[in-house]
Amino acid sequence: MSTEAVERRLYNALWWAKVQSAGPLEVDPDTPAVAGLTRAPAPDGSSVWLVPTLPSGAGHGVLEELGTPPVAVEQPNETARVLAICVACCWTDRSGPAWPGSTGTLAQVRSVYAGMRGRPEQPSDLTLIVGSLRRLHATHWLLWDDKSGEVRLGPRVITWTPADLSALRDLCRHLPEPPPAVLTAPPADAPAPEPDGALPEEGTDD
């Protein structure tokens, strides 16, 4: 075996050891590809997530070994419900892939949660929702920011198959429509606001 092939195998083994220890990893976009790890580029291109490619039909033991456990089993119904709601809030262009999606908010999640339960929001709902968001963040299904109250789909959604996405599209159609997201800061690709007193463009009405 050539020296180059040996070095490549060692390189792949090193990254797999890291993934087995920490789960999906966020790395510099210049990091070379790793065999068996799917690359999920961040929306702004500043980083890339390395996500294990899961074997078909992998059971819990295999998923744990790969550092990609399934949805946390604590409060499984609430956790699954919140994940479904976040998919509805963050996967706005359902004709395309789920990753990277768009940014959703805690206010959106709370609104859909109440509508999904068919009742006004209860005092205990916020505790259940935030607990689920934190569990899903810890397992990389979501990227949840406690401080801003904003959420994105996590890098593990890049492993969803076309059949998974089809089922999720159908699920989203049956969920209450989330209100518009009000973010703490405009998205990076949003157009810059016009300065105060800017004149309208030629050919437009005042």
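Visitor: Where is the place of Ser132?

Guide: Ser132 sits in helix H5. Do keep in mind that we are reading a predicted model.

Visitor: Is Ser132 buried or exposed?

Guide: The general idea is to compare the relative accessible area with a cut-off: under 20% means buried. Ser132 has a relative accessible area of 0%, so Ser132 is buried.

Visitor: Which residues does Ser132 touch, not counting those up to four places away in sequence?

Guide: Leaving out the close sequence positions shows what the fold brings together. Here Ser132 touches Glu78, Thr79 and Val82. There is also a polar contact of 3.1 Å, which joins the side chains of Ser132 and Arg135.

Visitor: Now Thr139, please. Where does Thr139 lie?

Guide: Thr139 is in the loop between H5 and S5. A polar atom of the Thr139 side chain lies 3.4 Å from the backbone oxygen of Leu136.

Visitor: How many residues does the largest nonpolar core have?

Guide: To read a core, look for buried nonpolar residues joined through their side chains. The largest one here has 33 residues, and those with the most contacts inside it are Leu133, Leu142, Leu153 and Trp160. Elements giving two or more residues to this core include strand S3 (48–52), helix H3 (76–90), helix H5 (125–138) and strand S5 (142–145). Helix H3 gives the most, with 8 residues.

Visitor: What is Leu142 in contact with, leaving aside its neighbours within four places in sequence?

Guide: The partners of Leu142 include Leu83, Cys86, Leu133, Leu136, Val151 and Leu153. Another core, of 8 residues, lies apart from the largest one; among its members are Val27, Val34, Val48 and Leu50.

Visitor: Let us step back to the whole chain. How many helices and strands does the protein chain have?

Guide: The protein chain has 6 helices and 6 strands. Read along the sequence, they follow the pattern α-β-β-β-α-α-β-α-α-β-β-α.

Visitor: What share of the contacts with a separation of 6 or more comes from residues 24 or more positions apart?

Guide: Such residues account for 55% of those contacts in the protein chain. As for burial, 36% of the 206 residues count as buried.

Visitor: And what does the accessible surface of the protein chain come to?

Guide: The total is about 12,000 Å², and 56% of this surface belongs to carbon and sulfur atoms.

Definitions and conventions. Residues numbered from 1 in each chain as written. Predicted model: local features only at pLDDT ≥ 70, side-chain atom pairs only at ≥ 80, totals over all residues. Heavy atoms only, no water. Core = buried A, V, L, I, M, F, W, Y, C linked by side-chain atoms within 4.5 Å. Buried < 20%, exposed > 50% of the residue type's maximum accessible area, 1.4 Å probe, protein only. Helix = DSSP H or I, 4+ residues; strand = E, 2+ residues; numbered from the N terminus. Contact = heavy atoms within 4.5 Å. Polar contact = N/O pair within 3.5 Å; in protein donor to acceptor, adjacent residues only side chain to side chain. Areas by Shrake-Rupley, 256 points an atom, 1.4 Å probe, with all protein chains shown as cover.
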